[in-house]
Amino acid sequence: MASPSCASTLPWTSAFPSSSRPLAERCLTSSRRAPSLVIVAQGKVKKYRQVILTDDIEEVGKKGDTLKVRAGFFRNFLLPKGKATLLTPEVLKEMQLEQERIEAEKKREEAQQLARVFETIGAFKIPRKGGKGKQIFGSVTAQDIVDIIKSQLNRDVDKRLVTVPEIREIGEYVAEIKLHPDVTARVRLNVYAK
C-alpha cells in the first residue's frame, strides 16, 4: 500500500498533508522505509508430531515411549502440561544415554548380588590327588573354579575373569572373580586330598 502522502489522487490524503516537504521528496523517503507488514506464506502444516512421553499417560503410553501424535493433541494437551517433548536428535541421544546408564546400573546390581552369593556360600571344596605331606599333584586352575561354580550354582563365569593364587598344597585359599569393573567377588576355596 502506498503511503498517504504519496497517493495524491485519494481525496482524504490531500486534506491531511503529513509534512511541509514537497510531495516528490516525501515519496522518496517513504519508499526507503522498511515495510510495516510482512506476509510470509506458510508451508504445509504437519498433522502429526513425533514425541517422547515424560510422564505416564493413561491410554496413551508410559514414560520414555516414542509416539506419533496429532499436532493439536501435542500443542494443546501434552506440551502445556509438560507430559511430552518433541523428538529431536539431541533428545533421542540423551534418551539413549539414559537407557545405557540404567542398563549399566542393573548389571552392576546383578554383579553385587552375585558377589554376595559367592561370599555367603562358604568355601568351595576342590578334591585333588594328594602326594607327600600337604602337596597335591598338579595345581588348581581358573577352569577348575569355573567348573565347580557351574556345577554347584548353575552360574556361568568367564575363566578370564578369575584370578587364582598358585595352589600346590592342601589348604584354604581365596580366589577373586571380577564380575564387573566396580565389583570383585572373593571366593574361598578348600583344597583337600582324595
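The chain exposes about 14700 Å². Carbon and sulfur atoms supply 52% of that area. I keep in mind that this is a predicted model.

**Overview.** I noted five helices and seven strands in the chain. From the N terminus, I read the elements as α-α-β-β-α-β-α-β-α-β-β-β. I then checked burial: 23% of the 194 residues are buried. I also looked at contacts between residues at least 6 apart in sequence; 44% of them join residues at least 24 apart.

**The sheet.** I traced an open sheet of four strands, in the order β4-β7-β6-β5, with mixed pairing. β4 (123-128) and β5 (162-163) stand at the edges. Each has a single partner strand, so one side of each has no neighbour in the sheet. I followed β4 to its partner β7 (residues 183-193): the two run parallel, joined by six bridges. In one pair I looked up, Phe 124 has Leu 189 in β7 as its bridge partner.

**Helices on the sheet.** I found α5 packed on the sheet, where it touches β4, β5, β6 and β7. The direction of α5 makes about 120° with that of β4. Helix α4 (residues 89-121) lies across β4, β6 (171-180) and β7. It runs at about 25° to β7.

**One residue.** I picked Gln 143, which lies in helix α5 (residues 142-153). Is Gln 143 buried or partly exposed? Its relative accessibility is 31%, so Gln 143 counts as partly exposed; buried would mean under 20%. Last, I checked Gln 143 against Val 162, 19 residues apart along the chain. Their C-alpha atoms are separated by 8.6 Å.

Conventions:
Residues are numbered from 1 along each chain as its sequence is written. This is a predicted model: local features need pLDDT of at least 70, side-chain atom pairs count only at pLDDT 80 or more; totals for chains, interfaces and linings use all residues. Side-chain values use heavy atoms; hydrogens and water are left out. Buried means under 20% relative accessible area, exposed over 50%, partly exposed in between (1.4 Å probe, protein chains only). Contact means heavy atoms within 4.5 Å. Accessible areas come from the Shrake-Rupley method with a 1.4 Å probe; for residues, only the protein chains shown count as cover. Two strands pair if DSSP finds at least two bridges between them. Axes are lines fitted to C-alpha atoms, for helices over the stretch in contact, and angles run from 0 to 180 degrees between N-to-C directions.
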